[in-house]
Amino acid sequence: MKGKLITVITNCVLVAIVLSVSLIGFFGGKAVAVSGDNTNLYYSAENGEGVSLMFNVYEHTDNVLEILDVLDEYGAKSTFFIGGSWADDNVDCVREIYRRGHELASHGYFHKDHSRMTLEANLEEIRPSVKLLNMICGSEITLFAPPSGAFNDNTLNACQSLDLKVIMWSRDTIDWRDKDVNLIYTRATKNLEKGEFVLMHPTDCTVTALPDILTYIRDNGFSAVTVSQNLGA
């Protein structure tokens, strides 16, 4: 009987540990790799004072320019995680993002699944995108967001060797799939807290929802800031 009780207690402890790790990823906060000593993975800014709207960009150049105009109107700053293949074809737009005071970050070069890649393959996908963005704007790229949120320890190690923080999100508007302005607004704002990273894309519906999202942020006493500002970097 005593042996069975010990087994039950041990299993409960293990379940609690697994749940606590899972909840970090689901609700936000700084997280670390499942294995190894990586500490360069973030789902939100633990002590952030603002809200960060993150735009992952591989398409819709016209919408990116509209988003810049809306951000200007509200005095908001954002971080644009840019795909290298898109940047190569849209150099002027990348420069315009930077010129207007927003943060440039890497979203890889060809939108690959980093969770299936070796260390060297991760480096080959991430490094060229960083070099290209550096070359276009002469700024130091310090952040990387893996496409589809897919990564492994090789991704974290590759980014650590490149002095990059790996950025995930605390809430996802899923605007690339759900073409619903009201739903995008609700996902971006419901119970919003300081330090959150809000994932978005330059879709038509996002352009339409953005003014209301920024109004909510402003009216609730938040500031729309870049990811690095939120992290205090």
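What percentage of the 233 residues in the protein chain is buried? Buried residues make up 49% of them, where buried means under 20% relative accessible area, exposed over 50% and partly exposed in between (1.4 Å probe, protein chains only).

The model is predicted, so local features need pLDDT of at least 70 and side-chain atom pairs count only at pLDDT 80 or more, while totals for chains, interfaces and linings use all residues. Residues are numbered from 1 along each chain as its sequence is written, and side-chain values use heavy atoms, with hydrogens and water left out.

**Figure 1. Overview of the protein chain.** The protein chain has 9 helices and 9 strands; helices (H or I, at least four residues) and strands (E, at least two) are DSSP runs numbered from the N terminus. Among contacts between residues at least 6 apart in sequence, 74% join residues at least 24 apart, contact meaning heavy atoms within 4.5 Å.

**Figure 2. Packing of helices H5 and H6.** Two packed helices are described by the angle between their axes and the distance between the axes. Helix H5 (residues 119-137) packs against helix H6 (residues 153-161) at an angle of about 55 degrees, and their axes are 8 Å apart. H5 is therefore oblique to H6. Axes are lines fitted to C-alpha atoms, for helices over the stretch in contact, and angles run from 0 to 180 degrees between N-to-C directions. Angles under 35 degrees count as roughly parallel, over 145 as roughly antiparallel, 65 to 115 as roughly perpendicular and the rest as oblique. The crossing of H5 past H6 is right-handed; a crossing is right-handed if the near helix is turned clockwise from the far one by less than a right angle, and left-handed if anticlockwise. From H5, Leu119, Asn122, Leu123 and Ile126 meet residues of H6 including Asn154, Ala158 and Ser161.

**Figure 3. Packing of helices H2 and H4.** Helix H2 (residues 61-73) and helix H4 (residues 91-99) pack at about 15 degrees, with axes 11 Å apart. H2 is therefore roughly parallel to H4. Thr61, Val64, Leu65 and Leu68 of H2 make the contact with Cys93, Glu96 and Ile97 of H4. H2 passes H4 in a left-handed crossing.

**Figure 4. The nonpolar cores.** A nonpolar core is a set of buried Ala, Val, Leu, Ile, Met, Phe, Trp, Tyr and Cys residues joined through side-chain atoms within 4.5 Å. The largest core has 48 residues, and among those with the most contacts inside it are Leu53, Phe80 and Leu214. Helix H8 (residues 204-219) supplies the largest share of this core, 7 residues. Apart from it lies another core of 11 residues, including Ala45, Phe81, Leu143 and Leu199.

Figure 5. Leu156 lies in helix H6 and counts as buried, at 0% relative accessibility. Its C-alpha atom is separated by 7.0 Å from that of Val166, 10 residues apart along the chain. Thr173 is placed in the loop between strand E8 (171-172) and helix H7 (181-189), and at 0% relative accessibility Thr173 also counts as buried.

**Figure 6. Loop residues with positive phi.** Most residues other than glycine have a negative phi. Asp163, in the loop between H6 and strand E7 (165-167), has a positive phi near 60 degrees and counts as exposed at 63% relative accessibility. Asn191, in the loop between H7 and strand E9 (197-200), has a positive phi of about 60 degrees; Asn191 is exposed, with a relative accessible area of 59%.
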